[in-house]
Amino acid sequence: MSEFESIKAIKGTFKLGGVRMNVYLYLIDGLLIDSGPKRLQKEVIDYLSKETYNQIIFTHHHEDHTGNASVLNTNVPTYIHPAGIHLCEQKPHLPFYRRVFWGSRKPFTPEPIQHPLQTKHHTFELIHTPGHAPDHLALLEKEQGWLFTGDLYVMSHPKSIFAFESIPDVITSLEKVLTYDFDTVLCSHAGVLPNGRRRLEEKLHYLRSVQDQVLQKYNDGKPASAIQKELFPTKHILNYFSLFENSSKHIVTSIIDKGGSR
């Protein structure tokens, strides 16, 4: 656990088959943001048993964010974007590598929320930011200049994405959050980024450039497979580990599906 101003950041680190990733959940003024994956359950429960929280919000339904939802305090309000309700109420059908890496989770029923979330000392504006997930939310605390971004950021220059993600939608969501005033980004995988606004701007610039290149090549007559090889010639271990559910192919096809005009 580390602290940034009045925010407590609870960090877990996972490594499997050469793939390493950090995951963060945040506790601020009685509000718990995300619950971490099931593989972190003992650490999360042990830590939260010494803390007080009276509200929980999930940035989205994925198992590394909701994995411990069913074992948290059921007497406190628990929230998610309305698009995530039915996804949380179902048992997730996860690929084998995600069950191994994060663990699965039990179904649970949070409450839908779209209005600002109030704590004793803070007001969090909720910004719908789909692209990584249909129910994805960012939380903005205007007075402090904090933006909790879930998985909207993660890294500035992604070379591959998951099959369920959409680059055009991520671009739209980045454009949306950058219309707000903030300095610090609190990411679910990269942690606390004091220069976070610049990081989000960097990612937006990169994704716009990739989108332009993909569409230019596609409209010039090149197939998606050739564009992938030209723009992303190397593969990452996660591509193999995920059996290519995570692949640069999905960057190219998500852009063509929304913007190709051939």
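**Cross-links, charge pairs and a helix contact**

Tutor: Searching the whole structure turns up zero disulfides. Keep in mind that this is a predicted model. A disulfide needs the two sulfur atoms within 2.5 Å. Seen from the other end, the sulfur of Cys187 has Cys88 as its closest cysteine partner, again at 19 Å. Cys88 is buried, at 0% relative accessible area. Cys187 is buried too, with 0% relative accessibility.

Now the charges. Side chains of opposite charge can pair when their charged atoms come close. The structure holds eleven salt bridges. Take three of them.

Begin with Lys8 and Glu51. Their side chains meet in a salt bridge, N to O, at 2.9 Å. This pair links distant parts of the chain, 43 residues apart. Lys8 belongs to strand β2 (residues 7-16), while Glu51 sits in the loop between α1 (41-48) and β5 (55-57). Lys8 is partly exposed, at 22% relative accessibility. Glu51 is partly exposed as well, with a relative accessible area of 23%.

Next, Arg98 and Glu63. Their salt bridge spans 2.8 Å from N to O. Arg98 is in helix α4 (residues 96-101) and Glu63 in helix α2 (residues 63-66), so the bridge ties together parts 35 residues apart in sequence. Are these two side chains buried or exposed? Arg98 counts as buried, at 11% relative accessibility. Glu63 is also buried, with a relative accessible area of 4%. The cut-off for buried is under 20%.

Arg208 is partly exposed, with a relative accessible area of 38%. Glu175 is partly exposed, at 32% relative accessibility. Elsewhere, salt bridges that share partners join Glu63, Arg98 and Glu245 into one network.

That third pair leads to the packing of its two helices. Two packed helices are described by the angle between their axes and the distance between the axes. The axes of α5 (residues 167-177) and α6 (residues 196-219) come within 10 Å and cross at roughly 145 degrees. The crossing of α5 and α6 is left-handed. Which residues meet in this contact? From α5 come Ile167, Pro168, Val170, Ile171, Leu174, Glu175 and Val177. They face Leu200, Lys203, Leu204, Leu207, Arg208 and Gln211 of α6. By class, the contact has nine nonpolar residues, three charged and one polar.

Leu200 leads on to Val185. Val185 lies in strand β13 (residues 184-187). It is buried, with a relative accessible area of 0%. Neighbours within four places in sequence aside, Val185 is in contact with Leu200 and Arg197, along with Gly196, Leu193, Val192, Gly191, Thr149 and Leu147. Tyr53 lies elsewhere: its C-alpha atom is separated from that of Val185 by 22 Å, and the two residues are 132 apart along the chain.

How values were computed
Residues numbered from 1 in each chain as written. Predicted model: local features only at pLDDT ≥ 70, side-chain atom pairs only at ≥ 80, totals over all residues. Heavy atoms only, no water. Axes fitted to C-alpha atoms, helices over the stretch in contact; angles between N-to-C directions. Helix = DSSP H or I, 4+ residues; strand = E, 2+ residues; numbered from the N terminus. Left-handed = near helix turned anticlockwise from the far one by under 90°. Contact = heavy atoms within 4.5 Å. Nonpolar A, V, L, I, M, F, W, Y, C, P; charged D, E, K, R; others polar. Salt bridge = Lys/Arg side-chain N within 4 Å of Asp/Glu carboxyl O. Buried < 20%, exposed > 50% of the residue type's maximum accessible area, 1.4 Å probe, protein only.
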